[in-house]
Amino acid sequence: MKLHRIVLRDFRGVEHAEVAFDVDGVTIVEGDNEVGKSCIPEALALVLDSLDSSRTKQIKAVQPVDRDAGPEVEAEISTGDYHFVVTKRWLQKPATTLAVLRPRREQLTGREAHERVEAILAETLDADLWNALNVQQGSALDIPAFNVPALGRALDAASGGSISTANDDTLWERIEAERAQYWTPGGKPIATREARRKRLEELAEQASAVGTIIGQTEVDVAEVERLARLLPELESRLVGAEEHAATLDERRRAAAQATAALDAAQAGLAAATAAFDVADGKVDDRSALIAEVDTAAQLVGDLEAARAAAAPARVAAETRRAELRESVDTLRTTRDACDVALRLAQRDAEALRRRDEIEQTRLRLDQARGAHDRLRAAEETLERVRVSATSLAEIEGLHLASVTADAALGASAATLQIEAVADTRLVIDDTDIDLDAGGTHEQSVPGSVRVDVPGMLQITVTAAASALDLGADAAAARERYERACAEVDAPDVGAARALLAERNAADVDAASARQALRDALRDSTIEALASSIAALETRAAEYDAERAAASPDQPLPSTVGDAQTIVSEAGDALDACSTRLADAQADLERADDALRQIEIDAATSASTLQSARTDLDRLAQRLAEAREREDDERLAAAAVTAADHVAACEQVVADADRAVGEADPALLAELLDNATAATKRLIAEIDSAKQARTEAMTRIAVRGDEGLQQQLDDVLTERAHVEYEYESIERRAEAARLLRDVASAARDTIRQRYHEPFRRQIERLGGVLLGESFEVELDDDLRIATRTLDGVTLEFAQLSAGAREQLGIISRLACASIVSAQGGAPVLLDDTLGWTDPTRLGAMGAIIAVAGRQCQVIVLTCTPGRYSSIGNADIVRLTKSGARVADSARNGENDVGDELGDSLG
């Protein structure tokens with residue numbers, strides 16, 4: 001099967017996405033999360049398997065939540081001899097359409113289209129193979145079973161065998177059908193065989209029951225005799241058991257008394273221990289109180305010494321603060337003088353800049369006025385000249401038409417030619433012409449012309465009708481040409497061209513003048529510039545007067561540069577003075593902080609000393625009061641006495657525990673329970689024996705001759721007939737089972753033979769990744785069972801996650817490569833190689849590229865760089881909106897796959 005194209009519409013969060021696949025190579029579908037990549041395998045499964053009327057949980061899960069629309073999927077597929085396009089829409093206006101393109105065209109809809117797709121896939125596609133090659137997210141670590149029919153046929157052909165033909169499959173199906181007449185798929189007998197066996201068992205049970213009833217009378221007689229002998233023996237054993245139970249009960253009561261004594265001794269020990277804890281705690285409390293008094297006295301002494309040592313430091317701190325305050329006042333006065341000088345220098349610089357601004361603004365005003373005059377002159381020319389490029393083109397066209405008409409007229413008109421034999425005077429259309437002897441006169445006659453020889457003759461020459469028409473056309477063309485020239489005040493076309501050139505030059509001048517005017521004015525006007533110059537000159541005069549009055553002895557700098565130098569020097573002086581002032585203020589603040597801290601420390605020390613003295617007095621008072629209640633020696637003696645009492649109680653507990661151990665109450669309880677149970681059992685046995693004897697005697701008394709022998713004969717006859725049928729069917733069932741087992745063993749033998757091509761293909765591809773020492777062993781289901789690398793063999797489950805993922809993909813690619821000659825199915829990898837390290841990613845990309853030469857491979861990923869090493873792959877990118885962005889260029893970042901394919905090919 002090959003997947004050509006899939007289209008998703010209103011599918012989950014995808015509004016529309018279309019992806020076309022390379023049917024003979026590798027297609028990589030890239031895109032961020034939630035743009036529809038992983039929807040592709042889900043959509044393909046739904047369009048092939050689910051009716052459009054389905055409303056299952058899976059169908060509802062793919063309906064978009066942000067709009068009222070039904071999910072729709074279209075897929076173009078080729079499989080076997082078929083090539084078809086199937087489209088389905090669910091939930092909203094459900095519909096199914098199928099277009100079969102080959103081997104012959106078909107158009108189907110609805111359930112008929114769905115069933116036709118199912119029939120085509122059942123005929124051409126190995127569903128187990130498709131499922132084995134389809135790797136969903138999170139399943140790349142698993143290796144599926146490859147014992148599928150399609151791979152079996154391909155491997156058998158590769159190994160030179162012939163068992164996997166269609167006839168062999170039919171034979172196997174007939175063997176399975178024969179076995180199914182007698183056995184369930186699990187290997188158990190079918191229901192009819194089981195019913196016949198149960199009937200045989202029922203007849204055997206009936207025969208046995210009748211025989212049992214016949215012999216039961218003899219058994220009952222023997223049982224009555226046996227019970228008569230047994231009852232006296234049981235009654236004698238009962239007497240002995242009761243005496244033994246009584247003895248054990250007396251021993252149990254004695255053990256209970258010993259246990260009670262042990263409990264009392266343990267209670268006394270607990271009380272003595274509690275008393276000792278109280279006495280010992282009082283000794284510890286007294287010791288702790290004495291230690292607290294000693295610690296408080298030491299603290300008072302230390303605080304008094306520290307207070308005396310801190311007095312000189314306070315005097316030194318007060319002296320330092322006074323010196324720093326005086327320095328700060330001096331520096332602040334200096335700083336203020338520097339600030340005044342800086343402001344004066346800044347105002348001088350600003351005044352000089354205003355004078356420069358006056359000159360620049362005056363220059364702009366002159367430029368603006370000149371540009372304005374040039375613009376006015378150019379506009380006057382533009383207004384005067386009426387010729388445009390369009391009107392000139394029209395005049396030139398009319399001039400050409402007029403010249404052309406005159407030329408046509410001259411070519412077709414009659415020609416009047418007169419030669420004078422003697423001096424002659426002529427009048428041609430009222431025009432006098434004098435000709436000398438031998439002279440000639442020639443002219444064109446477009447219409448008609450009259451020639452008079454005064455006093456002698458008059459001649460009229462008339463042109464042909466066509467010449468008359470051409471003459472009229474030439475006159476009309478000349479009139480149109482002259483009228484067009486008159487409209488633009490030009491006598492002819494040459495003058496019109498000159499006027500247009502003049503207009504174009506004026507247009508250029510106007511544009512240049514406008515740009516110059518804009519450059520000069522910028523965002524202002526001529527009036528505003530003039531007003532600005534006047535205002536600046538007024539401010540300059542006012543500042544000159546003000547400064548002369550304020551600083552007569554300090555002249556104004558000559559240039560803006562000199563003023564800026566003075567500003568910079570004054571600023572540097574102000575900065576330096578400000579820095580010194582800030583440092584002095586910081587030193588003063590630190591001195592203030594130090595003095596305040598000394599004062600705080602002194603106050604804190606005094607408070608702490610007073611608190612320590614109070615604590616010492618309180619603790620000394622508590623110690624004196626405690627000793628008045630009970631002195632130290634008495635507390636120590638009470639603790640020793642309590643310890644001695646605890647030791648005595650411990651000895652009593654040990655003696656009581658020994659006595660309980662010797663009595664062993666638990667063992668006595670078990671023995672007594674057993675003796676009691678034995679007594680009860682003997683009583684029950686006696687009662688049961690008496691009851692059994694009574695029942696046997698009753699059965700013997702009530703059982704008479706009921707025709708039991710005839711019943712037995714009838715049952716045995718039917719049993720023989722059923723047994724014959726049962727054994728006949730069982731022989732056929734066993735033969736069918738044996739035939740199936742023998743055929744299965746033969747198939748297994750051949751499977752073992754064609755394991756080799758599959759194993760070799762896996763090792764060829766895996767060798768690219770792991771080297772020449774790479775080997776694998778396959779199990780019965782063609783899964784990788786073990787991997788050998790550098791002589792070390794490990795079970796598949798023992799490999800790392802990355803190694804298992806890589807082998808899973810390699811085995812799928814090997815399977816797809818082998819079955820591709822019989823059609824096969826595409827390998828679909830959904831975000832795999834997540835466990836693979838960067839070193840092995842390049843080799844895995846080369847392996848995928850090589851496999852893509854023999855089968856279709858589709859890779860879905862949100863991490864494009866992971867598959868950059870796959871050479872010769874088609875790239876399809878999906879955007880967030882779901883639109884398709886296809887890259888027609890092949891993935892050329894790495895040509896390892898091409899080189900590797902050549903070496904393996």
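This is a predicted model: local features need pLDDT of at least 70, side-chain atom pairs count only at pLDDT 80 or more; totals for chains, interfaces and linings use all residues.
1. Let me start with helix α18 and its covered residues. Leu841, Ala843, Met844, Gly845, Ala846, Ile847, Ile848, Ala849, Val850 and Ala851 are the buried residues of α18, where buried means under 20% relative accessible area, exposed means over 50%, and partly exposed lies in between (1.4 Å probe, protein chains only). That makes ten buried residues out of 14, so the helix is mostly covered, because buried is set at under 20%. Helices here are DSSP runs of H or I with at least four residues, strands are runs of E with at least two, and both are numbered from the N terminus.

2. Residues are numbered from 1 along each chain as its sequence is written, and side-chain values use heavy atoms, with hydrogens and water left out.

3. Now to the salt bridges. The whole structure holds 27 of them, each defined as a side-chain nitrogen of Lys or Arg within 4 Å of a carboxyl oxygen of Asp or Glu. One of them pairs arginine 9 with glutamate 74, at 3.5 Å from N to O. Arginine 9 sits in strand β1 (residues 2–11) and glutamate 74 in strand β4 (residues 72–79), so this pair ties together parts 65 residues apart in sequence. Arginine 9 is partly exposed at 24% relative accessibility, whereas glutamate 74 is buried at 13%.

4. Another bridge joins glutamate 30 to arginine 877, with the closest N and O atoms 3.3 Å apart. Glutamate 30 belongs to strand β3 (residues 26–31) and arginine 877 to strand β20 (residues 873–878), so the pair ties together parts that are 847 residues apart in sequence. Glutamate 30 is buried, with a relative accessible area of 9%, and arginine 877 is partly exposed at 35%.

5. Arginine 116 and glutamate 106 also form a salt bridge, their closest N and O atoms being 3.1 Å apart. Here arginine 116 is in helix α3 and glutamate 106 in strand β7 (residues 106–109), so the linked parts are ten residues apart in sequence. Glutamate 106 is buried, at 12% relative accessibility. Salt bridges that share partners also join Arg5, Arg9, Glu18, Glu72, Glu74, Glu76 and Arg89 into one network.

6. Asp49, Glu112, Glu115 and Glu118 gather in a patch of negative charge on the surface, and helix α3 (residues 110–124) supplies the largest share, three residues. Glutamate 112 is in this helix and is exposed, at 52% relative accessibility. Patches are made of residues with over 30% relative accessible area and no salt bridge, joining like charges within 9 Å and nonpolar side chains (Val, Leu, Ile, Met, Phe, Trp, Tyr) within 5 Å. Lys and Arg count as positive and Asp and Glu as negative, with His and the chain ends not counted.

7. There is a nonpolar surface patch too: Met456, Leu457 and Ile459, with about 320 Å² of accessible area together. Accessible areas come from the Shrake-Rupley method with a 1.4 Å probe. Isoleucine 459 lies in strand β14 (residues 457–462) and is partly exposed at 43%. Its C-alpha atom is 8.4 Å from that of valine 449, ten residues apart along the chain. Valine 449 is in strand β13 (residues 448–453) and is buried at 3% relative accessibility.

8. Finally, some backbone points to check by eye. Most residues other than glycine have a negative phi, and most peptide bonds are trans. The peptide bond from arginine 102 to proline 103 is cis, with omega near 10°, and proline 103 lies in the loop between β6 (95–102) and β7. Aspartate 10, in strand β1, has a positive phi near 50° and is buried, at 19%. Aspartate 489 has a positive phi of about 60°; this residue is in the loop between α10 (465–487) and α11 (493–521) and is exposed at 54%.

Technical notes
The place of a charge is taken as NZ of Lys, CZ of Arg, CG of Asp or CD of Glu.
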